[in-house]
Number of protein chains: 2
Amino acid sequence: MNNGRFATALHILTLLEIKKEELLSSEFIANSINVNSAVVRKEIGNLRAHKFIESKEGKGGGYTLGKPASQIHLSEVYKSVNETPLLGRSNDPNPDCPIGKQINGHLKELFTAADETFLKQLGKITVRDFAKKFK
Amino acid sequence: MNNGRFATALHILTLLEIKKEELLSSEFIANSINVNSAVVRKEIGNLRAHKFIESKEGKGGGYTLGKPASQIHLSEVYKSVNETPLLGRSNDPNPDCPIGKQINGHLKELFTAADETFLKQLGKITVRDFAKKFK
DNA sequence: CATACTGTAACAATAGTTATTACAGTACAA
DNA sequence: TTGTACTGTAATAACTATTGTTACAGTATG
């Protein structure tokens, strides 16, 4: 992590909100983001598992939001693409060193606290709020 | 980014604070973190550029903090190892798409705001606070 | 001048991320 | 009932980022 998945996911959700009267195809979405359509379908697979998106298979199929954009908080989107907390990566310190032995516990505590603050901030914004900026 | 550099840097600074009466060698530090000593020297090169650490070359040389641990805020440490804001990675969306054209601007705004919140939280904690947990 | 360090560069190895290809499955519509 | 246009998903390749390794010049010390 820090990959571009959050940006991709938010782009997808924003498009679906802005064009909510239509079913959008992975091809159309991929063209806007400028990535491969299989990447879009994969990311949508994840977003669908989280109920943010519904899909319709077959000819004329495509995607719509799975719930009102005003009910999708960016914190949820973030968590759906990144289970590891921010800063999450630690080392494998030497367990024979008194400091090394303890540090990961303390780091985890710190990371968790910072992560909560961060998510709280993202939780104040919904896909609807974000999409409004485009109108 | 999200590499382990923040964890490494904080580990180094914590060791220096806890053993502040001694000069620590890169070898000693590397042993505690369980990484190669050249990696430690490299990371310290960066931390020294930010005045968090002072070094002494030559035989009997090593490292000490460059300022009191109570004056080193974790937000500064974070920024010294990661210039990109959290979430920073975007895509290269299609400039011919009206949404794609605008999205990076809006994303950047969002990322910056979330980043500030995050750094504000880390700014409340100093290396001294963190090191105290080990006593 | 031998020794024990740091500083740094060049490069190798590993891991993480994204792109590509392919194709089975599904719905629609003639 | 068959062609068409989609989704779903797996396999895998290409790329990029990160970390590790080796090497050695430079520096302070005794």
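Predicted model: local features only at pLDDT ≥ 70, side-chain atom pairs only at ≥ 80, totals over all residues.
Me: Hi! How much area do chain B and chain A bury between them?
Reply: Chain B and chain A bury about 4,200 Å² between them, and 67% of it lies on carbon and sulfur atoms. Buried area here is the accessible area (1.4 Å probe) that two parts lose on being put together, summed over both. Residues are numbered from 1 along each chain as its sequence is written, chains are lettered from A in the order in which they are written, and side-chain values use heavy atoms, with hydrogens and water left out.

Me: Thanks! How many residues does the contact take from chain B and from chain A?
Reply: It takes 48 residues from chain B and 48 residues from chain A. Contact means heavy atoms within 4.5 Å.

Me: And how many salt bridges are there across that interface?
Reply: The rule finds two across the interface of chain B and chain A; a salt bridge needs a side-chain nitrogen of Lys or Arg within 4 Å of a carboxyl oxygen of Asp or Glu. Lys133(A) and Glu109(B) meet in a salt bridge through their side chains, at 3.1 Å from N to O.

Me: Switching topic: is Leu24(A) buried or exposed?
Reply: Leu24(A) counts as buried because its relative accessibility is 2%. Buried means under 20% relative accessible area, exposed over 50%, and partly exposed in between (1.4 Å probe, protein chains only).

Me: Where is Leu24(A) placed in chain A?
Reply: Leu24(A) is in the loop between α1 (5–18) and α2 (26–33) of chain A. Helices (H or I, at least four residues) and strands (E, at least two) are DSSP runs, numbered from the N terminus.

Me: What does Leu24(A) contact, leaving aside neighbours within four places in sequence?
Reply: Its contacts include Leu15(A), Leu16(A), Ile29(A) and Tyr63(A).

Me: Last one: which residue in β2(B) stands opposite Ser55(B)?
Reply: Tyr63(B) stands opposite Ser55(B).

Notes: Pairing = 2+ DSSP bridges.
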